[in-house]
Structures are given as C-alpha cells and as structure tokens.
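Student: Hello! I am new to this structure and would like to learn how to read its features. Could we go through them together?

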Amino acid sequence: MTVTAEPETVRGGPGLRQQRELVTAIPGPRSQELLARKSAAVPKGVGLTLPIFVEAAGGGVLRDVDGNTLIDFGSGIAVTGVGNSAPAVVDAVTAQVAQFTHTCFTITGYEGYVEVAEALNRLTPGDFDKRTALFNSGAEAVENAVKIARHFTGKQAVVAFDHGYHGRTNLTMALTAKSMPYKSGFGPFAPEVYRAPMSYPYRDGLLMGEAQANDGAAAARRAIVQIEKQIGAANLAALVIEPIQGEGGFVVPAEGFLPTLLAWARENGVVFIADEVQTGFARTGDFFACEHEGLEPDLIVTAKGIAGGLPLSAVTGRAEIMDSAHAGGLGGTYGGNPIACAAAVATIRSFEEDGLVERARAIGEQFLARLTELKRADARVGDIRGRGAMVALELVDPTTGDPDAALTAAVAAKAHAAGVVLLTCGTYGNVIRFLPPLTIDDALIADGLDVVATALAETAS
Ligand code: PLZ
C-alpha cells in the first residue's frame, strides 16, 4: 500500500512544497546569522549536523529560514515518523494546550496518560498482563527500566552490548559503548555495567566468514559464555539491547541472536530489556522491531516516534516486574505530560489507522532497491542493511574492509550542501543511515537517493 503525502495531510507552515529546492547556498545568510548567535549563546558541546535553522517542516521536507527546502532523511533522529506537525497531532496538541498544560501526573491524574499506557500495553509484543510508566526522554526511560529490573530481581549487574547506544545521562553513558563523543571526559560512570559482544554480521563475517557471521545462536552463545564467566547470572539483573542498533551503525543482529539471549535470560532470572527507542513505532515495518523474530521482551523502552515530536518516553512490561517497585518509587515532574500524551494518542492512532507500518515496508523496499544498485557499482559500499524505513550503507576501503569515516563525512557534507538532511552513525563513523518520516513520498525518496549517489560518485577516497 502506498500512502502519498497529499497537500492537505501536510501542514508544517504555509506554502510548504514537497520538493527539494535551494534558493541560497547552504547555509544561507539568515542561517549564518543564527549560527553566529548560536556560537555566542550555546556551548560547543551542543553541535549541529547541518548548518541551517528550520522555520517549517512536514511530509518529507524541512524549510529553512532562507527559504531552502531540504529533503528530510533523518526525522530528527527517528522522531517524526508520523510526519512533522502531522495535522492530527497538531489538532490534539492544540485542544489539550487549551484545556490544561500540566498537573504532574503523580499529584492529580488525567486520562491521556492512562490512554497512552493502555495503547502501549496493547501494542507491544506479548499477550500478557502489562503496565506502562511514562517519562520524558529515551535515556530517562532506559534508566527507569534498569531501576525496575534491579528492584524486581534484587540483583545489580546490567549487561549492554558492543556498539550499543542508550543515552547521555550517567547510567546510560555507562550503558553506551562508544567513548567519543558520548563519554570521553564525562566519567566516572555508573558501576555494575558490563559489556558483551554483539552479533554484527558484516564485521563478524570479515573475521570469521559468512556462514558463522550469520549464525545468530552462535553469536549469542559467545556473549552468554562471556556473561557467565565475567559476571554470573546470579548477579545479573538485566540485559539491555537494541533489537537493531541505531547510533552504533544500524547493526541488524543475525537471526537467532536475540531469541537465544532471551531464552537464556528467562532461564536465569535475568530481565530482558529491549531498547526500542530508535526502532519503535512502525519504523522497521513492524510496530516494534522485536516482532520480527516473535520476541516478547520482559520490558520494552520506547521514546522518539511515540509522540510526533513532543518529548515522551515509556517503559512497558510484565505487570509483575513493573508492579514490584513500591508506590512513589517511580515518577518525575513532567513524565507523561498531558500535551505529550495527547500528541502520543493521536500519533499512535495515525500509525495504526493510516497504514504507516505498511508504508515503512514500502519505503524500505525503495531504499534497498536503489542502495543495492549503488553497492553493485561501487566497491566502497561494503554493506547495506536495515529493515523497513531504517536502512543504512557502510562505507569501507574496498581492499582491506577497513571503515572509511572520511569518505562517509564527505558524502554527508555533499548531500547537505545539495539539500538533503542525511545522518551518519556507527562505532567507526562510516555508516550513512536513512530514517525518513513515513509521510515522505516516493518522488522525494528517489530525488534524495540521486543526491546521495552523486555525492558518493563525486567523492574520491
Ligand atoms: N536508546 C536506542 O537511539 C537516542 C541520540 C542523539 P534520548 N538516540 C539519538 C544524540 O546524539 O544524543 C537513543 C537511542 C536508543 C536511547 C536513546 C536516548 O534517547 O531521548 O536522546 O535520551
């Protein structure tokens, strides 16, 4: 099924045309002025991937303050799956903001919070009794999932995986694998966090050959042996893992890896926490990426795509685990803010009713077809991978297979200058990732991919 963004389904500011159009160089003069003000007012640590400032966005485009219209292949890092300023979200938020903006849910309740919890309990994998608690950011939800798992098990250790990303707070920095730019100089980090080897078929294959690289159960046993030897299940509260890794490089583990880990966790009284902050909400062509292998995590963490751009996150899971924390043990001033909840109810309804899960699959097919051509024509494209509207290419030195971060950065910079918001990722900085809003139309995808292909062809290694 193809859902094309009709003009009336796209708001995001008047006159926003679903077409790439540059009227100045990138950045234009207004963006340059704002960049100068940013440098004087905002610390360097808060970077900008593209040197532009946005004034409107919707469908598959962003328009900057100089009137340039750029193709959005990033969705604000997988947030605006439902589209920027999606009309249904705008209406829900507008209605809510006129009623009340805040009470603090743990002081006086409101229906929107409960509605979001009910929707997540219904939609997340697993036909068992569930509970959901709401928070503000992905990192805050991951922290709470770990708190809950520790409280339930009475154990302390937590295992995260190579290439994993879970946030920038103190505990989630500890869970995150990559030092630069996320951790370097920001320690000491939270204790009792350990790391296990991931299944990374492309790089495992470079080391061990394709057959072994695609043996997910074997990769899981490699991790389990390390966990048992270095930590011991008796001390381990939880495994925290992204079903497809986001920041780490869109690493899709070999089939069997996740189910084998889950089975081991269940046998050993270890809570299995799926971090679906980046993969959630139709992104991978299923409502949640865990569905792909029929995985039923004990706890599932969501954020990003949940509320069409408003800050909201959630921990959803087995009632007996979620209910183990004492009354008053979970909370926060803003968690499950009523405006964010109204946005989430409208967003989730749109994912369910507007065919966006199917649309994510169709987007994935369009990307993979074109990226496969690119890979065939250019040996520097070492791997293409992903699922649904979460796809990537990994750029390498064709003779050695070594990651080529410089090429990746150069291709991204060229695409930015040509009017495509393109994101990179990966432990080695050599992955170009595509996370378009699911409201983008086919013509924009084709045009954006032409830009990427040209940028790659024109960049010497
Ligand atoms: N878990 C799987 O992808 C956020 C980070 C952007 P927050 N990823 C984008 C950046 O450079 O800070 C993420 C994620 C996964 C957790 C998080 C953290 O979510 O909402 O950014 O806290």
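Student: How many cavities of 30 Å³ or more does a search of the whole structure find?

Tutor: Welcome! Keep in mind that this is a predicted model. A cavity is a space where a probe fits but cannot get out, whereas a pocket is open. Here the search finds 4 cavities of 30 Å³ or more. The largest cavity holds about 50 Å³ of space.

Student: Which residues line the largest cavity?

Tutor: Among them are Pro243, Pro253, Leu258, Cys290 and Arg387. By class, its lining divides into 6 nonpolar, 1 polar and 2 charged residues.

Student: What volume does the largest pocket have?

Tutor: Its volume is about 1400 Å³. The lining of this pocket consists of 48 residues, and Thr49, Ile77, Arg168, Glu247 and Arg433 are those nearest its centre. Helix H2 (75-78), helix H5 (138-153) and strand E14 (423-425) each contribute at least two residues to that lining. Sorted by class, the lining has 22 nonpolar, 18 polar and 8 charged residues.

Student: Where does the ligand sit?

Tutor: Look in the largest pocket: that is where you will find the ligand. There are 14 residues around the ligand, and Gly138, Ala139, Arg168, Asp275 and Gln278 come nearest. This shell is made up of 4 nonpolar, 5 polar and 5 charged residues.

Student: What should I look for in the backbone?

Tutor: Most peptide bonds are trans, and most residues other than glycine have a negative phi, so departures from either pattern deserve a look. In this model, the bond joining Met180 and Pro181 is cis, with omega about 5°. The bond from Gly187 to Pro188 is cis too, and its omega is near 5°. Pro181 lies in the loop between helix H6 (170-175) and strand E6 (193-196), and Pro188 is also found in the loop between H6 and E6.

Student: Which helix holds Ser75, and what is its phi?

Tutor: Ser75 belongs to helix H2. Its phi is positive, about 55°, although Ser75 is not a glycine.

Key. Residues are numbered from 1 along each chain as its sequence is written. This is a predicted model: local features need pLDDT of at least 70, side-chain atom pairs count only at pLDDT 80 or more; totals for chains, interfaces and linings use all residues. Side-chain values use heavy atoms; hydrogens and water are left out. A residue is near a molecule or strand if one of its heavy atoms lies within 4 Å of it. On a 1 Å grid over the protein atoms alone, a cavity is a set of points where a 1.4 Å probe fits but cannot get out, and a pocket is an open set with protein on both sides within 12 Å along at least five of seven lines; lining residues have an atom within 4 Å of a point. A molecule sits in a cavity or pocket if more than half of its atoms lie within 2 Å of its grid points. Ala, Val, Leu, Ile, Met, Phe, Trp, Tyr, Cys and Pro count as nonpolar, Asp, Glu, Lys and Arg as charged, and the others, Gly among them, as polar. Grid points are joined across faces, edges and corners, and a volume is the space filled by probe spheres set on the points. Helices (H or I, at least four residues) and strands (E, at least two) are DSSP runs, numbered from the N terminus.
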